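Visitor: Could you walk me through reading a few features here? I would like the general idea and then the case at hand.

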Amino acid sequence: MRRRMVAGNWKMHGTRASVAELIKGLSNMALPSGVEVAVFPPSLYISQVVDGLQGKSITVGAQNSAVQPEQGALTGEIAPSQLAEAGCELVLIGHSERRQIIGENDEVLNRKFAAAQACGLRPVLCVGETLEEREAGRTLEIVGRQLGSIIEQFGVAAFAKAVIAYEPVWAIGTGLTATPQQAQDVHAAIRAQLAAENPEVAQNVQLLYGGSVKAANAAELFGMPDIDGGLIGGASLNADEFGAICRAAGN
């Protein structure tokens, strides 16, 4: 049975004071059993969050990591081995903001995915299409290519120790949300693509939906058969709202 998961991506938000406040709110939350809860703070605050959530059943992840597993001459980057030592268990790979704004391509993301796994981190591979691509009817082609890049390089078994998050680019931070059926259709296609290679991996991998998920729409989205939880952006910066989304996943 796949475990539900709700992950909060804090993006480039936070100060020491606001992070302390958020930690306090998360620490006081009653979390549903059976739901894996994770947060992805900016790298600067990872240690503060790991220390602050000590003893709580909340996993800490990083928003990005380097293309090589070990330390080295790569100014400004953080090695996945360093993230693991800092207490991270997960890392986002290929979030649309990094694909679209930073210009990371599949080749770079493949290297990041492999480097993360080499250090014992679970990659959360983000896939999704732009509004232009959706309107052109290319959603499944784009998502299939992004997923297929990893499969081609490392085999489908790589997803036995990874998570996949479908985030339509047009729904991130825009207030627009894919309908539950639109999201389910893409999640079902992702699972089918994996199942064509290995049904067991497909059955067990956690598939998350991301894109303006809120407490108000979470239950309906999470009620779909192939949606195992959510990758939450803005709403994860409010402990009460995030808690409500976690409870929706638990129900």
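Guide: Let us begin with burial: buried means under 20% relative accessible area, exposed over 50%, and partly exposed in between, using a 1.4 Å probe and protein chains only. This is a predicted model, where local features need pLDDT of at least 70 and side-chain atom pairs count only at pLDDT 80 or more, while totals for chains, interfaces and linings use all residues. Residues are numbered from 1 along each chain as its sequence is written, and side-chain values use heavy atoms, with hydrogens and water left out.

Visitor: Is D106 buried or exposed, and why?

Guide: D106 counts as buried because its relative accessibility is 17%. It lies in helix α5, residues 106-118; helices (H or I, at least four residues) and strands (E, at least two) are DSSP runs numbered from the N terminus.

Visitor: Which side chain does the side chain of D106 join in a polar contact?

Guide: A polar contact is a pair of N or O atoms within 3.5 Å; within protein, one must be able to donate a hydrogen and the other to accept it, and residues adjacent in sequence count only if both atoms are side-chain atoms. Here the D106 side chain pairs with that of R99 at 3.1 Å. For contact in general, look for heavy atoms within 4.5 Å. Not counting residues up to four places away in sequence, D106 touches R99, R145, Q146 and S149.

Visitor: Where does S236 lie?

Guide: S236 sits in the loop between β8 (229-232) and α11 (239-250). With a relative accessibility of 1%, S236 counts as buried. Its side chain reaches the backbone oxygen of G233 at 2.7 Å. Leaving aside neighbours within four places in sequence, S236 has contacts with G8, N9, W10, L22 and F242.

Visitor: How many disulfides does the structure hold?

Guide: A disulfide is a pair of cysteine sulfur atoms within 2.5 Å. This structure holds 0. For C88, which is in no disulfide, the nearest cysteine sulfur is that of C119, 12 Å away. C126 is in no disulfide either, and the nearest cysteine sulfur to it, that of C88, is 15 Å away. C88 is buried, with a relative accessible area of 5%, and C126 counts as buried at 2% relative accessibility.

Visitor: Which residues of α7 and α8 meet?

Guide: On the α7 side they are T139, L140, V143, G144, L147, G148 and I151, and on the α8 side V186, A189, I190, Q193 and L194.
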